[in-house]
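Visitor: I would like a close look at a single part of this model, namely the interface between its chains. Please keep the criteria in view as you go.

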Number of protein chains: 2
Amino acid sequence: MAEWLNGQLKQVGVDTQLVDLGRHTMDGEDLPLPPAILGRIGDDKNKKTVLIYGHFDVQPANKSDGWDTEPFQLTIDEKTGRLIGRGSSDDKGPILGWLNVLQYHHENNIPLPVNLRCCFEGMEESGSEGLDELVERESKKGGYFEGVDCVCISDNYWLNTRTPALTYGLRGLSYYKVTISGPARDLHSGVFGRTVHEPMTDLINLLGTLVSPQGDILIKGVDEMVAPPDEEEKKIYAGLDYAISDIEEAAGASIALSSDKVSVLMGRMRSPSLSIHGIEGAFSGAGAKTVIPAKVSGKFSIRLVPPQTPEAVDPLVIDHLHKAFAKLGSKNKLTVENLHGGKPWVADHRHWNFEAAKKATKAVYGREPDLTREGGSIPVTLTFAESLGVNVLLLPMGRGDDGAHSTNEKLDKSNFIEGSKLLGTYLYELADISK
Amino acid sequence: MAEWLNGQLKQVGVDTQLVDLGRHTMDGEDLPLPPAILGRIGDDKNKKTVLIYGHFDVQPANKSDGWDTEPFQLTIDEKTGRLIGRGSSDDKGPILGWLNVLQYHHENNIPLPVNLRCCFEGMEESGSEGLDELVERESKKGGYFEGVDCVCISDNYWLNTRTPALTYGLRGLSYYKVTISGPARDLHSGVFGRTVHEPMTDLINLLGTLVSPQGDILIKGVDEMVAPPDEEEKKIYAGLDYAISDIEEAAGASIALSSDKVSVLMGRMRSPSLSIHGIEGAFSGAGAKTVIPAKVSGKFSIRLVPPQTPEAVDPLVIDHLHKAFAKLGSKNKLTVENLHGGKPWVADHRHWNFEAAKKATKAVYGREPDLTREGGSIPVTLTFAESLGVNVLLLPMGRGDDGAHSTNEKLDKSNFIEGSKLLGTYLYELADISK
């Protein structure tokens with residue numbers, strides 16, 4: 001894919017280079033990482049310089065997973081207007097959108113209205129291994145990205161299936177493992193039941209102190225870190241083209257935490273969330289086993305929003321767990337680990353980079369875009385924002401129901417066509433707008 | 001083993017028959033069940049009739065499990081005086097004890113002081129498949145067990161490594177599966193965190209309402225079913241040769257619920273206990289996965305003591321879970337299942353059957369036996385008690401550290417020798433004692 005994309009970029013006049021990102025170990029095998037592609041067009045001091053990002057790797061897919069078509073063969077369903085195949089929306093479609101824009105300009109000998117820098121990678125679905133170092137290195141003085149004024153990433157989705165969107169925030173993450181250990185080995189619940197402190201009883205009690213059934217985080221200070229929205233921000237959520245039925249359709253059940261759209265949207269976009277994922281070390285199979293597990297680890301994570309960071313939240317979580325454990329009066333042992341974490345990101349959606357995208361959206365789609373924040377993470381966004389110190393815009397091409405990591409991934413033909421126009425128009429609006 | 005034991009019994013004058021118990025399916029294969037052995041000596045109306053039970057099957061064992069010797073070859077360690085091998089204590093040793101008694105009487109042409117009925121089976125470690133029906137059938141008028149005055153089962157262990165014991169109680173069991181389902185599929189915690197009711201949050205909350213870290217069952221009415229011990233019963237526990245260090249050594253950690261020996265012993269022997277075994281459907285592997293599981297099932301069981309029965313406890317558990325779930329205000333769905341259950345058993349330890357065993361213990365060991373109740377279950381005990389309507393005595397041969405289902409299972413030579421004497425002496429005390 002790297003070779004193919006590199007060839008395509010060269011054909012449309014991009015000056016490219018493949019960057020070796022080193023090696024990695026996968027399933028015990030030492031393998032080279034797929035190279036990243038850096039590219040450039042133009043160096044005009046009178047033009048703005050925009051860096052675009054995309055990834056040419058995809059999630060795994062097998063027809064037997066439940067696909068209706070061969071996942072690695074593009075199928076065009078003329079009836080529904082869907083382009084079906086793995087990567088159609090995540091993220092090959094958007095990369096092809098950029099190629100469409102560049103091809104037009106190249107074939108018609110029209111110079112781009114901006115200086116362009118590209119960064120395409122092939123490890124996004126595997127944690128963007130090797131990319132952070134590259135971005136940090138090339139963002140320094142004299143690096144490949146010197147002079148970049150703004151960044152545009154097209155690698156997410158509209159909130160719904162109807163309304164174009166610009167995305168200005170992503171949640172971060174802090175992942176915890178809380179372990180209770182006691183007996184030297186698993187115990188017979190007949191022989192030991194009601195004679196010893198059972199690790200599972202302690203763990204269940206601890207996990208029960210973390211989050212309410214209504215989603216409120218019960219760890220003191222975590223929810224409180226986030227300032228409530230002002231009236232202007234509330235208006236953004238109220239204005240989004242979204243209904244409770246959208247989330248309940250996506251979840252497949254009527255289980256929304258609230259019937260108030262603004263409250264549900266804020267829960268996803270601007271509030272932290274705590275999810276309990278499971279327990280390691282306890283009986284997890286089918287059937288009935290009567291053992292008292294000797295050592296059990298609860299796994300939970302907190303999605304973070306500014307100003308939360310793993311560094312700020314960690315001590316609150318650890319302190320909470322130790323205090324709650326002390327209250328249990330158990331003789332078992334507690335350990336808490338942070339398995340991994342990442343900071344949240346929010347951009348200024350009043351920045352000229354966003355303003356240009358809003359104008360482009362209006363020109364192409366004839367309507368204002370939804371201004372959204374995503375509940376998940378795209379870690380490279382933060383890397384670009386922090387390394388370059390410039391505004392980063394997420395400009396999605398696909399719809400909320402594209403099924404990015406799922407079976408029958410698709411991109412609607414109209415989203416591909418209008419989305420390609422949108423990327424091109426965005427470059428012109430970018431050139432036009434005053435900094 | 002059935003053939004071998006049958007031959008041994010015939011050689012010492014027992015009139016035996018192998019009973020076909022039918023067939024069963026194991027690992028998809030249709031196989032005959034090993035036959036049970038019924039045996040009899042004597043039909044003297046002036047003698048009491050005792051039914052003895054044992055099992056000739058054993059737990060699986062491989063040297064690679066961690067055995068120091070070949071598990072299926074008897075190894076006599078002269079230094080420690082241990083007879084090491086799978087089944088040495090559970091339950092071939094006790095059966096050989098009975099054979100020793102019978103052999104002596106047969107070879108010396110001495111009639112037994114009682115009429116004897118034997119019931120030996122080969123499926124005890126697999127749930128005594130087929131035996132319940134046999135016992136029930138033969139307990140009826142005209143059946144093989146007609147006229148049986150009392151039962152003696154030698155298939156458990158002393159409380160410790162020092163003091164002979166008679167056992168007069170076993171706990172029952174009721175096993176529950178509580179399932180919370182909501183979304184149609186697992187959800188991304190970034191996209192859905194704090195927008196929907198999460199099944200794991202609900203389940204953890206529910207499981208947290210079941211039992212306190214101190215072992216108290218929080219389901220209203222369950223602990224309350226059991227009357228507190230009177231002074232006489234408390235004296236039994238106070239008199240047992242037992243220290244907190246015994247249980248902490250067995251558990252491998254200092255995690256006893258109390259430093260009071262009587263309280264810990266009562267927790268195991270005469271109180272119900274509730275253990276949470278695990279969760280099905282949630283993330284249970286190593287590492288960090290951020291999914292919101294769509295459907296999760298908590299598994300827990302309650303060990304029961306008289307007058308509790310699964311039938312009496314079930315409605316309390318189900319009602320408790322439904323009420324607790326209603327309090328959560330969740331839109332997810334709850335289902336509760338009882339996966340299986342069994343009644344507890346307690347015998348009258350003042351009965352002449354026990355008195356005979358006490359006298360025998362005193363004669364052989366020179367001391368009073370510990371009067372114990374076991375925390376686990378030996379379901380056939382209840383079958384004998386209910387089918388025959390007579391007193392059942394558990395008369396253990398081995399010690400608490402024999403490692404019945406574990407590696408390096410052993411029976412101490414002194415327990416084998418003195419235990420054989422005990423079984424024989426018991427028959428004479430039984431003959432002597434007035435009903």
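Guide: Across the interface of chain B and chain A, the rule finds four salt bridges, where a salt bridge is a side-chain nitrogen of Lys or Arg within 4 Å of a carboxyl oxygen of Asp or Glu. This is a predicted model, in which local features need pLDDT of at least 70 and side-chain atom pairs count only at pLDDT 80 or more, while totals for chains, interfaces and linings use all residues, and side-chain values use heavy atoms, with hydrogens and water left out. Residues are numbered from 1 along each chain as its sequence is written, and chains are lettered from A and ligands numbered from 1 in the order in which they are written.

A salt bridge is formed by the side chains of A:D223 and B:R194, at 2.8 Å from N to O. Polar contacts (pairs of N or O atoms within 3.5 Å, where within protein one must be able to donate a hydrogen and the other to accept it, and residues adjacent in sequence count only if both atoms are side-chain atoms) link 45 residue pairs across the interface of chain B and chain A, with both residues at pLDDT 80 or more. On the side of chain B that touches chain A, the element that gives the most is strand β13 (residues 273-280) of chain B, with eight residues; strands here are DSSP runs of E of at least two residues, and helices are runs of H or I of at least four, both numbered from the N terminus. That side of chain B divides into 35 nonpolar, 31 polar and 14 charged residues, with Ala, Val, Leu, Ile, Met, Phe, Trp, Tyr, Cys and Pro counted as nonpolar, Asp, Glu, Lys and Arg as charged, and the others, Gly among them, as polar.

As for extent, 80 residues from chain B and 80 residues from chain A take part in the contact, which means heavy atoms within 4.5 Å. Between them, chain B and chain A bury about 6,100 Å², 55% of it on carbon and sulfur atoms; buried area is the accessible area (1.4 Å probe) that two parts lose on being put together, summed over both. Of the area that chain B buries against chain A, 13% comes from B:R194, B:I255 and B:H277, more than from any other three residues.
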